[in-house]
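Hi everyone, thanks for having me. Please have a look at the structure on the screen, and then I'll walk you through a few of its contacts.

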Amino acid sequence: MICPAHLWVLIITTGRSGSTTLMAMLNTLQVASLTGENMPTFYNILNDIDNITKWDRNYPAGPFKKHVNKTELHDAMCLIVDSLTDKDAPIRGMKELCSRICDKLPIMKKIFPNLRIIHSYRENENHTSKFTNREYNARMRQQAETAFSKSNFSEKNGNLYKMPLENFDPEGFNRLRTWLGVEGCKFVGMHHHNKHKSYIWQPKKASEIVQGNCKFIGKL
């Protein structure tokens with residue numbers, strides 16, 4: 001199996017919650033490589049794998065059909081993610097909207113047995129620019145929480161980390177870094193700043209964000 005060779009991380013976002021900054025911050029670490037958002041690509045692939053598996057279960061093997069090799073199906077998904085991320089990074093993964101991925105967590109868990117989820121959201125939706133976005137994001141946050149519970153992702157189990165936008169500062173990201181099992185370096189800066197509670201994207205050099213020599217010491 002290809003998947004267990006790395007720590008796989010999935011950022012699930014409600015949208016307009018700073019998830020692009022979150023992914024950029026993690027990618028600043030020398031040991032992490034995440035991609036996204038990938039539009040409906042991963043959802044469609046996961047849906048196809050799900051449908052093929054159900055078809056295989058419902059129709060017995062015979063002279064015109066052999067049983068599907070689920071390991072090969074799962075490895076195919078791993079190879080796709082692998083092709084979009086840095087081959088040398090022990091921490092790999094993707095960022096997706098909850099609406100595109102939450103209902104696929106059961107099969108994601110089968111494909112990526114050591115999967116960890118980072119939930120990106122806003123504590124205070126009143127700062128979201130449009131009322132329609134506030135309503136939608138609140139629904140997506142609830143949908144995510146329900147999906148986590150059904151798939152046994154929780155902070156208690158150690159496979160879920162909640163990262164609200166309000167915690168976006170070097171201290172908050174260093175707590176996340178520790179949770180991921182990355183030591184030898186620390187966050188000292190941010191790719192954005194909050195001025196008057198607004199969200200402003202300000203990309204910086206890696207040296208302004210992270211200091212030290214990052215090493216992954218966590219368990220795969």
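Let's start with a definition: a salt bridge is a side-chain nitrogen of Lys or Arg within 4 Å of a carboxyl oxygen of Asp or Glu. Before I use it, a word on the source: this is a predicted model, where local features need pLDDT of at least 70, side-chain atom pairs count only at pLDDT 80 or more, and totals for chains, interfaces and linings use all residues. Residues are numbered from 1 along each chain as its sequence is written, and side-chain values use heavy atoms, with hydrogens and water left out.

So, how many salt bridges does a search of the whole structure find? The search finds eight. One of them pairs Arg141 with Glu123, and their closest N and O atoms are 3.5 Å apart. Arg141 sits in helix H6 (residues 131–150) and Glu123 in the loop between strand S4 (116–121) and H6, so this pair ties together parts that are 18 residues apart in sequence. When I say helix or strand, I mean DSSP runs numbered from the N terminus: H or I with at least four residues for helices, E with at least two for strands.

Next, Glu37. Lys95 forms a salt bridge with Glu37, with 2.9 Å between the closest N and O atoms. Lys95 is in strand S3 (residues 91–97), while Glu37 is in the loop between strand S2 (32–36) and H2, so parts 58 residues apart in sequence are tied together. Glu37 also forms a salt bridge with Arg100, where the closest N and O atoms are 3.3 Å apart. That pair links distant parts of the chain too, as Arg100 is in helix H4 (residues 98–101), 63 residues from Glu37. Through shared partners, Glu37, Lys95 and Arg100 are joined into one network.

Is Lys95 buried or exposed? Here buried means under 20% relative accessible area, exposed over 50%, and partly exposed in between, using a 1.4 Å probe and protein chains only. Lys95 counts as buried because its relative accessibility is 2%, whereas Glu37, at 32%, counts as partly exposed.

Now the disulfides. A disulfide is a covalent bond between the sulfur atoms of two cysteines, and here the cut-off is a pair of cysteine sulfur atoms within 2.5 Å. The whole structure has two. Cys98 is joined to Cys102, S to S 2.2 Å, and both of these cysteines are buried. Their link is left-handed, with -120° about the S-S bond. The other disulfide joins Cys185 and Cys214, with sulfur atoms 2.1 Å apart, and this link is right-handed, with 105° about the S-S bond. Cys185 lies in strand S6 (residues 182–187) and Cys214 in strand S9 (residues 210–216), so the pair ties together parts that are 29 residues apart in sequence. Cys185 and Cys214 are buried as well.

Finally, helix H2. Which residues of H2 are buried? They are Phe42, Ile45, Leu46, Ile49, Thr53 and Asp56. Down the axis of H2, these buried residues fall within an arc of 95°, so they line one face of the helix; the arc is that of the directions from the helix axis to the C-beta atoms. Ile52 is also in H2, which covers residues 41–58, but Ile52 counts as partly exposed because its relative accessibility is 33%.
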